[in-house]
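Biologist: Please show me the two chains. Then let us talk through how they meet.

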Amino acid sequence: MSADDQRLITDCLRGETAAFGELVRRYQDRLYNTVYRLVGNVEDANDIVQEAFLNAYQALNSFKGDALFFTWLYRIAFNAAVSFKRKQRILLRLETGRGDGGNEPVDPSDASRPGHALERAEQDRRVQDALNRLSAEHRAVLVMKEIDGLKYEDMAEVLRVPIGTIRSRLHRARLELRELLERDEG
Amino acid sequence: MLPERVRELLTAYVDGVLRRRQRRAVERLRQSNAEARAFLQHLESDSALLRALPQRQPTADLAAKTLQTIHARGLLPQPSTTRRVRLVWSGWAVAASVLLAIGAGSYLFFALALGGTKDSRTAGNKSGKAAVPAVVEVRPRLPVAPDRVLRPVQPDAPGGDLADNSGSRPADDKPVTVVGAELDPAKTEVLPLAPTAALELFQDLPDPRLALVFKLRELEPEKIRKLLRDDRRHDNAYRIELDCRASGKALERLQAAFRAYAVRLIVDHDAADRLKRGLRTNFILYAENLMPDELEKFLQRLGQDDRQAEAKKRGDGQFERVVVNPMQPADHKQLAKLLGVDPTRWHAERPKSPLGVDVRKPLADQTADQVVQSLKGQGAPGDRPALVLAYNPVRPRPSSKEVKLFLDERKEPRSGSVQVLFVLRGRDG
């Protein structure tokens, strides 16, 4: 864990709440992006990430410093997202996925090619749709691997499963994603 | 169709986890096999599509909102609680040195926690081999009536009973002495036996003149009325210490008295567990939104019930000395630590799930409840929760569902209402 994060955590536990604000600022974007890709909905992602930060604040004393702070935070956010999905009892969110996919931010460098921006947005929407249709397990490992760039070891740490399980889940996740994208192209 | 083994190799290649030899093998396969080439191309393209998804930014300033919520709810980092130690053995393969270290650690833990009380014993090992000493003796200190069983209140069963008359004596009512050699390591829980002075949270007031002390069974209505309405009219929070014979029975009596004032007890899981096992424990019961006259009548009712119980059967009266203090800042602080929230800071925004609804209830029920509550003002009389927590020798867990349930069900305090922190200590606690 970085010395800076450690300092902020220590300050926070001493009662300086503003130090926690700094931690939130550091990690909110990355965490939000992950959670958004997990749940496919802007408002829900905002709520889940905030809940994750509040849970992390209350559990700060239990952070032992033996792992990266972000990995620990990630696990809390992941659990919050899973818990949310369980409550919602929704595995497929076709409508929501499509709605949010239409709001994907457009790369301004594509302004000179107006058609390209639309194509790109449509492609992103398709991919997010397919992600939303994956099983929760498969979506989680793909998001962690491809969007967050986590290694097998980190993913195993977050999900509390053996590395072999991560490998086989990723394998099946990629196959399932391929199948969904093929079906969509067809 | 490619064999599954080959497809796994190709997905692992895309994951970037193959060794150099394996990567070369895949690259040779890509060149020589059209199906493998097409499969790999698709996987790499899918991977690229995922990585190319644009970075989503949060729509709100999360840092500001989070800090705001922390302040509004009075949230605090929870202390780590490590009162419960679960011994998990991996079987015959555990090294003797690990056994010795765990045994020594457990012995030291209880020696310090219990101060060498006679209830903790270390098992001798006649064979001379290193063994785990007996770590806990679990015994209900006082007899439990044969027709009563203690059962925890379940969060999803409002109005659940603290006790019911099952007519049968529970199997775990008998004393159990756990000796190291007899332990099933996979199932053994090591639990602190009794409250200790070192873990006491609620200390005596420096100035005893501020306290009102009396015997509950001898309580005179005029006296308590004078206390709450005249002498303490500026206080809106009390700490009421109830010395009792057995804290479990005392809680049952409190519950029965509260029922008459439509206050429902929510018992934390760990507290309920200790009640069920008959372990000596100090509890707190936190109630709020009571009017002073309700509190007066409640104490009178409690005293009356206790008098009747004692008259019916000698020794059945539970309560002895009662000490009433205004709640001090230190008490507030301890309570906030136990709850994880400062209860004196009321917030209009209730803790809620991501969609802002109580996911325990169907939406239609909630809508109906909200309409009823808005018509009645403060909600139905039966809605006032009170929370029971164990605080010595165990503390509630930060993730206690019952604490969350209590916080969810709290209502905005009425003007003139009081908060009451009851501290129950068994006579030997």
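Biologist: At what angle do the axes of H7(A) and helix H3 (residues 34-51) of chain B cross?
Modeller: This is a predicted model, in which local features need pLDDT of at least 70, side-chain atom pairs count only at pLDDT 80 or more, and totals for chains, interfaces and linings use all residues. Residues are numbered from 1 along each chain as written, chains are lettered from A and ligands numbered from 1 in the order written, and side-chain values use heavy atoms, without hydrogens and water. Helices are DSSP runs (H or I, at least four residues), numbered from the N terminus, and axes are lines fitted to C-alpha atoms, for helices over the stretch in contact, with angles from 0 to 180 degrees between N-to-C directions. The two axes come within 9 Å and cross at roughly 80°.

Biologist: Are H7(A) and H3(B) roughly parallel or roughly perpendicular?
Modeller: Angles under 35 degrees count as roughly parallel, over 145 as roughly antiparallel, 65 to 115 as roughly perpendicular and the rest as oblique. The crossing angle is roughly 80°. H7(A) and H3(B) are therefore roughly perpendicular.

Biologist: Which residues of H3(B) make the contact?
Modeller: Contact means heavy atoms within 4.5 Å. H7(A) brings Leu142(A), Glu146(A) and Ile147(A). From H3(B) come Ser47(B), Leu50(B) and Arg51(B).

Biologist: How much area do chain A and chain B bury between them?
Modeller: Buried area is the accessible area (1.4 Å probe) that two parts lose on being put together, summed over both. Here 56 residues of chain A touch 45 residues of chain B. Carbon and sulfur atoms hold 60% of the buried area, which is about 4600 Å².

Biologist: Which residue of chain B forms a salt bridge with Arg178(A)?
Modeller: A salt bridge puts a side-chain nitrogen of Lys or Arg within 4 Å of a carboxyl oxygen of Asp or Glu. The count between the chains is three. For Arg178(A), the closest N and O atoms are 2.7 Å apart, and the partner is Asp46(B).

Biologist: Which helix gives the largest share of the side of chain A that touches chain B?
Modeller: Several helices of chain A each supply at least two residues, including H2 (17-39), H3 (42-58) and H9 (163-185). The largest share is 13 residues, and it comes from H2(A).

Biologist: Which residue does a cis peptide bond join to Asn392(B)?
Modeller: Omega of this bond is about 10°. The partner is Pro393(B).
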